[in-house]
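Please look over the sequence and the structure shown here before reading on. The paragraphs that follow lead through them step by step.

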Amino acid sequence: MKKLLITALSVFSLTAQAGFMDGAHNWNNGSSDPFKSAIKAAESGYKANLAVNMAWRDTGSMIKEAKKLNAAGKTAAAVALANKAHHQSMNATAQTALAESAGPRF
Amino acid sequence: MKKLITAIAGISFLVGMASADVDSDQKAFINYFKTAFPNVEFADYTNGVYSLDEGSRSQFEEILDGIPPYEEAVEKGGKEFVEFGLNKCAAFKDPAAARVKHPYFDEATQKVVTLEAALKACYQEQTGKKLGSKKGKIARISAWISDQAAGEKINVKVEGAAAQAAYDQGKAFFYGKRGQFNMACADCHVYNAGKKARADILSPALGHTTHVPMYRAKWAGLGTLQRRYGGCLKNMRAKPISAQSEIMNNLEYFQQAMSNGLEITDARYRK
């Protein structure tokens, strides 16, 4: 009986919590718009890369293109491209740490 | 006490390692090329890639035997030097000396001053207008100035802590990997110099600065060293950095210092 009561209470409390969230909740970040959060991450990473002269050649144009796609209503493609740009900026950030103290191999 | 001395000695060693002096850096740099290309004389590196490849060299010599495609542009640069009153600037009273002096570290501004940076400042002083940084007028005038110093040797000095810091930043840039291809300047122009990248032979970094500004067949015109930096960065899929920015000037400072002792040449044709 005790076990049944605990199980029932658990199910009730989880159901109640889930009821407060809308169906489109994005678990990954604070934004409900997947494009907004993807482009924000890409832009802030790219900006940081530019500040230390380590940006990659095509990241900026990928961000621009992603914005165009989003404006045209192609959200899935826009998010994919923004994520790609963000990935580039993360790789550039990883390079930055190594490049600062780079020296010859001989 | 013993521990303290050991710690200080250790720190001093590490600091010394972090900013090795120019002479020892250059010695190691030259030795690398000496080992890789035992038959190439140090002085011949002034000819860049033509010091490594016989076939390319004969084409180069044929071009020089005729009328080099940049001759007219360089002559025009000489006329422009006078026309715009650049000979009135203190920095360019003696054009040959100006070429040898630059790049140098200016203690007052705490920055590296390249020949092109000094030209831009002088041009603005004399005409009230701005001069570009990569091609056209600046490349023509800079090439003419460099011609006046042909035969003299590159002699970049790195003196003082701030100059050393600028040099070190240029050095880190040269060896640091960047761009989508994750490549450093050194990957092509040191470790793979003499090898082919598609149809082109990669030039050795030693001697890169002896013939700048250069005429490139690809450009069908003259361009400054920093124009070439921009092209290289783009090829590595890194975002090009503005010519004459602090970091590009520091890179040039390091690169020129690595060619100390090599003759400045007026044979500025490159593929």
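**A guided reading of the two chains**

The domain assignment of chain B gives domain 1, made of 20–66 + 159–270, and domain 2, made of 71–148, the bounds coming from an automatic or database domain assignment. This is a predicted model, in which local features need pLDDT of at least 70 and side-chain atom pairs count only at pLDDT 80 or more, while totals for chains, interfaces and linings use all residues. Residues are numbered from 1 along each chain as its sequence is written, and chains are lettered from A and ligands numbered from 1 in the order in which they are written.

The C-alpha centres of domain 1 of chain B and domain 2 of chain B lie 21 Å apart. Where these domains touch, domain 1 of chain B contributes 22 residues and domain 2 of chain B contributes 21 residues, two residues being in contact if their C-beta atoms, placed from the backbone, lie within 7 Å. On the domain 1 side, the elements that give two or more residues are helix H8 (161–175), strand E6 (221–223), helix H10 (225–235) and helix H11 (246–258) of chain B; here helices (H or I, at least four residues) and strands (E, at least two) are DSSP runs, numbered from the N terminus. H11(B) gives the most to this side, with six residues. By class, the side of domain 1 of chain B that touches domain 2 of chain B has eight nonpolar, nine polar and five charged residues, where Ala, Val, Leu, Ile, Met, Phe, Trp, Tyr, Cys and Pro count as nonpolar, Asp, Glu, Lys and Arg as charged, and the others, Gly among them, as polar.

Some local backbone features of chain B can be found in its loops. A cis peptide bond, with omega of about -5°, joins B:His102 and B:Pro103, and B:Pro103 lies in the loop between helix H5 (95–101) and strand E1 (104–106) of chain B. The peptide bond from B:Val212 to B:Pro213 is also cis, with omega near -10°, and B:Pro213 is placed in the loop between strand E4 (200–201) and strand E5 (214–216) of chain B. B:Gln110, a residue other than glycine, has a positive phi, near 60°, and sits in the loop between E1 and strand E2 (111–113) of chain B.

We turn now to chain A and its helices. Two packed helices are described by the angle between their axes and the distance between the axes. Helix H2 (residues 34–51) of chain A and helix H3 (residues 59–71) of chain A pack at an angle of about 160°, with their axes 10 Å apart; axes are lines fitted to C-alpha atoms, for helices over the stretch in contact, and angles run from 0 to 180 degrees between N-to-C directions. H2(A) and H3(A) are therefore roughly antiparallel to each other, since angles under 35 degrees count as roughly parallel, over 145 as roughly antiparallel, 65 to 115 as roughly perpendicular and the rest as oblique. The crossing of these helices, H2(A) and H3(A), is left-handed, a term used if the near helix is turned anticlockwise from the far one by less than a right angle, with right-handed used if clockwise. Residues making this contact include A:Phe35, A:Ile39 and A:Tyr46 of H2(A) and A:Ile63 and A:Ala66 of H3(A).

H3(A) and helix H4 (residues 75–99) of chain A pack at an angle of about 165°, with their axes 8 Å apart, and H3(A) is therefore roughly antiparallel to H4(A). The residues of the contact of H3(A) with H4(A) divide into nine nonpolar, five polar and two charged. The axes of H2(A) and H4(A), in turn, come within 8 Å and cross at roughly 25°, which makes H2(A) roughly parallel to H4(A). This contact of H2(A) with H4(A) has 14 nonpolar, seven polar and no charged residues.

Between the chains, 15 residues of chain A are in contact with 18 residues of chain B, and the side of chain A that touches chain B has eight nonpolar, four polar and three charged residues. The predictor gives the complex an ipTM of 0.87 and a pTM of 0.86. The mean pLDDT (the predictor's confidence in each residue, from 0 to 100) of chain A is 83, and 71% of its residues reach 70 or more. Chain B averages a pLDDT of 93, and 93% of its residues score at least 70.
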